[in-house]
Amino acid sequence: MSNLRETASNFQKKLIGLLCAAFLLIAVVLLVAAGLITADMDKDDAVLSLGETWFDDWYTVTRIDDVTFSIGEPRYWQLNYNYLLLGEERAILFDTGPGVRNIKPVIRSLTQLPVTVISSHPHYDHIGNNHRFEQVAVLDVPSLRSEVKNDLFVSRFSRAFTFRRMSPFPVTEWLQPETTIELGNRTLTAFHIPGHEQGSVALLDAGRNQLFTGDFIYPGWLVAFAPTSNLEKYMASIRYLLTRTTGDETLYGAHAIPEHPSPTLPHSALTDLLNALQAIDDKSLAPVSRFPLRIYPVNEDMEIYLPPF
Ligand SMILES: [Zn+2]
């Protein structure tokens, strides 16, 4: 009997050892894969879109019109795009990127106007340079109010899901949803559009038919698997945007992919995304992959990723 017990306990020990080794191996493979995926691209390998030119060896500038610029980071693994919107009296910088480099020299090369930062949402790849600016405006919604501790905005998501240390920043202005922002001969409207993230914001320049959408919609793989993503709210926000836009707008997203290096989409992409989300919701659209994330096609420019269960 005691021999049997010893054999059973030896077997258990070996099994635990094997399981530990297997987990360790999986962890190493995942870490190596994550390192490869998130490594910065060589400058020569970065794919630029029409009209996009290098500012230095990291940032690019695209002149959308005389007072609208996109500032790209095509070497960053998520191909981020930030937007500088100039009025006659002041400017808005919509997103500041992951903060791999200081974005201020690019901004100062384009304008001497006072700049107010607005981030499309508080994820690490959109607020990385916020602390470098004196004016940061944030949408006045409960989820974003709750990120402020001791007068400093500290993104919980960024603290929890990135190894990069994000610098906190003071909020100098709280914007009510649907507020209009006067820049001097240019007016923007800020919309609250939860879905990708509960504090997501879009900016509309109705005079120029420009809608800046952050991570809510862009060409490539859309994220609906983040802890604060919500499918119901995503659909409701698209319906809301459809009532607040004419259909003539171009969408300017915060990311691109090498196969679609321009971060812009036509307005019809909003309807395509709504149709796909509705089909996912009523289970009439099958995923092209189920694990580790469910991936659904949206149209030829986009797919959307959801949690596996
Ligand atoms: Zn992002």
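Mentor: Helices (H or I, at least four residues) and strands (E, at least two) are DSSP runs, numbered from the N terminus. This is a predicted model, in which local features need pLDDT of at least 70, side-chain atom pairs count only at pLDDT 80 or more, and totals for chains, interfaces and linings use all residues. Residues are numbered from 1 along each chain as its sequence is written.

Trainee: Okay! How many helices and strands does the chain have?
Mentor: There are 6 helices and 19 strands.

Trainee: And which domains is the chain divided into?
Mentor: Domain 1 covers 1-39 and domain 2 covers 43-306; such bounds come from an automatic or database domain assignment. The C-alpha centres of domain 1 and domain 2 lie 41 Å apart.

Trainee: Now helix 5. Which of its residues are buried?
Mentor: Tyr234, Ser237, Ile238 and Leu241. A residue is buried if 20 or more other C-beta atoms lie within 10 Å of its own, exposed if 12 or fewer, and partly exposed in between, with C-beta atoms placed from the backbone.

Trainee: Why are they on the same side of helix 5?
Mentor: Because they cover an arc of only 105° around the axis, taken from the directions from the helix axis to the C-beta atoms.

Trainee: What does the face turned away from that buried side carry?
Mentor: The exposed residues Glu232, Arg239 and Thr243.

Trainee: Switching topic: is lysine 149 buried or exposed?
Mentor: Exposed, because lysine 149 has 10 C-beta neighbours inside 10 Å. Lysine 149 lies in strand 8, residues 148-149.
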